[in-house]
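This briefing takes up a few local features of one protein chain, grouped by topic for reading alongside the coordinates.

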Amino acid sequence: MTKTETLSPIHIVGGGLAGSEAAWQAAQAGVPVILHEMRGVRGTDAHKTDGLAELVCSNSFRSDDATSNAVGVIHAEMRLAGSLIMAAADRNQVPAGGALAVDREGFSAAVSAAIESHPLITVIREEIAGVPPEEWGSTIVATGPLTSPALAEAIRLETGADALAFFDAIAPIVHRDSIDMNVCWYQSRYDKVGPGGTGKDYINCPLDEAQYNAFVDALIAGDTVGFKEWEGTPYFDGCLPIEVMAERGRETLRHGPMKPMGLTNAHNPTVKPYAVVQLRQDNALGTLYNMVGFQTKLRYGAQAEIFRMIPGLENAEFARLGGLHRNTYINSPVLLDETLQLKSRHGLRFAGQITGCEGYVESASIGLLAGRFAAAERKGEPVRLPPATTAMGSLLNHITGGHIVTDEEPGKRSFQPMNINFGLFPELEPGAITKPEGVKRFRGKDKTIMKRQLIAARALADCRRWLEGA
């Protein structure tokens, strides 16, 4: 009997991108896997086939530029780690300029064939309607945003009533260094010093009456995305889209998220702003700020154009834009440890979009990590975390503890799903960005490009060392 045959299998629930990647990584590490997938027995409102890793939305994996784009960096890291998802994508690529787009049927078929032919992976078509039993031992739940109602309810009961969300109500998130602080200023309303606060916890963007009215007009005229029939219309708990509030009356926003009360413009203290947009620190690194109360159903192009009308945000770079849609996910920073394991139950891990990451490759990368962590644990080896300087490490840190919980938004609503972006990476060492020789003017866009290139190069170098065991 070989050592592999003596190892108990890892159970994985969900055969999407994250579950398939987790299964592949564990099996490639020599650990048997049982992959449970309900499609084939029970469908979802969005899937059309029973193929593994079916792409239900776009066929694009987004930018493949690993030199200055965070998505491209995570692509490169996953390739270094032997990712099945990336290998299948590369083999089924279709023309898309600088992006990596795939033939969706060929991609799913390639993933399905690799999983189903692997000697250490067994695929069982069945719905898991409850929290996986403890006798399964090491288990990964990777059921995604369309988790079956029965399993979602079981997870809610296991983790607590406030631990599971069913809709994103997401405000846009802006890179701090793209905000014009010659226009904006730091201040909390009435200079209030809350728990852990300083009285200067928000960035404030002032609007005069004309600017405010133009902004409201643009919101009302903006192109929006409708809800899918199976999503319903989840307007609850004050989570109205910003454009819906604008439609309810011209003064609604001024008496809601854009009220100017308790604020004094540090650049022009004698003139009271007619309205104010506030941004609040979103991550522990302080690199990202979210637009308070600005959840929206505006299309992405309209969002970027309209929100850049706000004084101080004319050159804003968005780490993510706003949205409001169905998405089942857990409050990972509270529930999971740094290895994606449920703190209240040893051996039960979560992976993919249900953990609070967004995007195909982000979901697959968290599946990759969960599979590696579970395999190492099963083999009695130390679980090695990716460095925080890598794309995978940055995303893992965001999910498991990099988010700030606020008094204004306690519990699950203060944690929102996130795509990989450079705002999640630790800052470079002081002095790392230097003006190239012979360049007279070095600022703005050129400086940002160099910063991203340096972060990307550091990430890939550190990822290689991690994979080599250094």
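In which strand is histidine 36 found? The model is predicted, and within it histidine 36 belongs to strand S2, which spans residues 33-37.

**Surroundings of histidine 36**

- Histidine 36 has a relative accessible area of 3% and is therefore buried, the cut-off for that class being under 20%.
- The side chain of histidine 36 makes a polar contact of 2.9 Å with the side chain of histidine 11.
- When neighbours within four places in sequence are left aside, the contacts of histidine 36 include the run His11, Ile12, Val13, Gly14 and Gly15, and also Ile124, Glu126, Ile128 and Trp136.

**Packing of H3 against H12**

- Helix H3, covering residues 70-80, packs against helix H12, covering residues 391-400, at an angle of about 110°, and their axes lie 8 Å apart.
- Because angles of 65 to 115 degrees count as roughly perpendicular, H3 and H12 are described as roughly perpendicular to each other.
- On the H3 side the contact is made by Val73, Ile74, Glu77 and Met78, which meet Ala391, Met392 and Leu395 of H12.
- Sorted by class, this contact of H3 with H12 comprises six nonpolar residues, one charged residue and no polar ones.

**Burial of H9**

- In helix H9, which runs over residues 300-307, the buried residues are Ala302, Gln303, Ala304, Ile306 and Phe307.

Note on methods. Residues numbered from 1 in each chain as written. Predicted model: local features only at pLDDT ≥ 70, side-chain atom pairs only at ≥ 80, totals over all residues. Heavy atoms only, no water. Axes fitted to C-alpha atoms, helices over the stretch in contact; angles between N-to-C directions. Helix = DSSP H or I, 4+ residues; strand = E, 2+ residues; numbered from the N terminus. Parallel < 35°, antiparallel > 145°, perpendicular 65-115°, else oblique. Contact = heavy atoms within 4.5 Å. Nonpolar A, V, L, I, M, F, W, Y, C, P; charged D, E, K, R; others polar. Buried < 20%, exposed > 50% of the residue type's maximum accessible area, 1.4 Å probe, protein only. Polar contact = N/O pair within 3.5 Å; in protein donor to acceptor, adjacent residues only side chain to side chain.
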